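What follows is a walk through one protein model, taken sheet by sheet and helix by helix. Please keep the sequence and the 3D view open while reading.

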Amino acid sequence: METVCKIVDSNVNSQTNYTQAVDILNAGEVVAFPTETVYGLGAVATNDCAVKKIFEAKGRPSDNPLIVHIGTKEEVKLYIEDITEVALKCMDIFWPGPLTLVMPVKPNVLAKSVTAGLNTVGMRMPDHPVALALLQQIKKPLAAPSANRSGKPSPTEAIHVKDDLQGYIPYILDGGSTGIGLESTVLDVTHEPPVILRPGGITKEMLEEVIGPVIQPTKIEQKMASTPKAPGMKYTHYAPNAPVYLIDCDKEKVAQAILHLQLEGHKVALLAPESFGIIKTDYYFSIGEAGIKEEMGAALYHALRACDKTQASLILATTTSTEGVGAAIMNRLEKAAGGKWYAK
């Protein structure tokens with residue numbers, strides 16, 4: 001399969017590219033497009049054959065549910081059985097934006113592959129001009145996980161999508177680099193109080209200012225059912241080719257670890273704050289200024305992918321606090337590392 005990549009911007013010619021994307025989606029195929037978080041791989045969420053092509057292209061397990069993207073808030077009532085007051089408040093304040101709400105789905109309106117057999121679905125309205133233009137032109141819901149091979153770091157640029165899915169998908173809308181760089185927060189509003197299933201750019205603190213108490217389990221995997229209710233809960237995610245190990249954000253400890261690993265014959269890639277660039281290592285990738293978590297979120301996936309362009313045999317990634325966006329960053333780092341910490 002040939003993969004075509006088209007740039008979309010404010011140029012009038014971009015409308016042709018949107019029209020092509022809509023035609024491809026309506027024909028039951030998949031299209032990659034940017035959101036404010038990462039690039040998504042979309043298919044019409046009411047077409048089960050089309051949705052199954054997402055799983056095929058990504059190599060994604062079929063029990064991993066998909067998030068449905070919509071272009072207007074008014075569309076929610078077409079697919080959701082019960083829209084609670086909490087859900088309405090979240091939509092009013094955080095939509096469009098990086099917040100996915102898990103709500104009870106109406107029977108027989110979405111493809112079975114979207115919900116993985118659950119009676120709930122995650123839904124969001126993205127805050128990106130390209131995503132919104134596509135959704136509002138097709139006037140249909142799009143199921144769209146991140147546009148990468150399953151388990152790999154999520155794509156924040158069109159070239160990342162091409163690297164992973166060249167030959168697997170027919171069309172990519174290139175809208176430049178995404179903004180936040182971390183997937184949306186997933187909030188299950190079928191519980192009281194609501195539960196964060198996946199931390200993201202909308203933090204626990206931000207949510208609690210609007211809707212009151214919110215639960216954010218530290219180890220959600222220990223409490224979940226066999227079928228996860230949101231993406232990223234069950235399988236290893238966000239991992240580059242070389243094994244990732246977490247390490248405390250301590251320069252002396254990091255320097256000693258690198259020296260020890262190099263003596264063992266490893267080529268070490270270090271993912272760490274800007275000030276760690278003075279440490280001698282084989283490869284170094286900055287994830288922004290220490291303490292500025294928004295920078296870290298935007299840089300994390302780019303750095304993980306950059307490691308695949310090196311000959312590193314092992315990756316050390318420094319940790320951060322779990323306050324605010326730090327919870328999302330640590331969630332992704334722990335997934336990338338499979339829970340492994342460097343200990344010597």
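Two strands count as paired if DSSP finds at least two bridges between them. Helices (H or I, at least four residues) and strands (E, at least two) are DSSP runs, numbered from the N terminus. The model is a predicted one, in which local features need pLDDT of at least 70 and side-chain atom pairs count only at pLDDT 80 or more, while totals for chains, interfaces and linings use all residues. Residues are numbered from 1 along each chain as its sequence is written, and side-chain values use heavy atoms, with hydrogens and water left out.

Strands of a sheet pair through backbone hydrogen bonds, either parallel or antiparallel.

To one side, strand 9 is joined by 4 bridges to strand 5 (residues 99–104), and the two run parallel. There, Val102 stands opposite Asp188 of strand 9. Strand 9 is also joined to strand 10 (residues 195–198) by 3 bridges, and this pair runs antiparallel. Asp188 stands opposite Val195 in strand 10, and Val186 stands opposite Arg198. The link between strand 9 and strand 10 is a hairpin of 6 residues.

Are the two faces of strand 9 covered or open? Both are covered: Thr185 and Leu187 on one side, and Val186 and Asp188 on the other, are all buried. Buried here means under 20% relative accessible area, exposed means over 50%, and partly exposed lies in between (1.4 Å probe, protein chains only).

Contact is taken as heavy atoms within 4.5 Å. Axes are lines fitted to C-alpha atoms, for helices over the stretch in contact, and angles run from 0 to 180 degrees between N-to-C directions. Helix 4 (residues 85–94) has Val86, Ala87, Cys90, Met91 and Phe94 as its buried residues. They cover an arc of only 135 degrees around the axis, which puts them on the same side of helix 4; the arc is that of the directions from the helix axis to the C-beta atoms. An α-helix has 3.6 residues a turn, so residues three or four places apart point the same way. On the other side of helix 4, Glu85 and Asp92 are exposed. The buried residues pack against helix 3 (76–79), strand 5, strand 9 and helix 8.

Which residues meet where helix 4 touches helix 8? Val86, Lys89, Cys90, Ile93 and Phe94 of helix 4 meet Met206, Leu207, Val210 and Ile211 of helix 8. By class, the residues of this contact divide into 8 nonpolar, no polar and 1 charged. In this count, Ala, Val, Leu, Ile, Met, Phe, Trp, Tyr, Cys and Pro are nonpolar, Asp, Glu, Lys and Arg are charged, and the others, Gly among them, are polar. Two packed helices are described by the angle between their axes and the distance between the axes. For helix 4 and helix 8 (residues 204–211), the angle is about 115 degrees and the axes are 10 Å apart.

The other sheet to examine is an open one of 4 strands in the order 11-14-12-13, with parallel pairing. Strand 11 (244–247) and strand 13 are the edge strands, each pairing on one side only. Neighbouring strands of this sheet are turned by 20 degrees against each other on average, direction ignored.

Within this sheet, strand 12 (residues 268–272) has 5 of its 5 residues buried, so it is largely enclosed by the rest of the structure. Val268, Leu270 and Ala272 are on one side, and Ala269 and Leu271 on the other. Strand 12 pairs in the parallel sense with strand 14 (residues 314–318) over 4 bridges, and with strand 13 (residues 283–286) over 4 bridges. Leu271 has Ala317 as its bridge partner in strand 14 and stands opposite Phe285 in strand 13. Ala317 is also the bridge partner of Leu246, where 4 bridges join strand 11 to strand 14 in parallel. Helix 11 (residues 326–337) lies across strand 11 and strand 14, running at about 135 degrees to strand 11.
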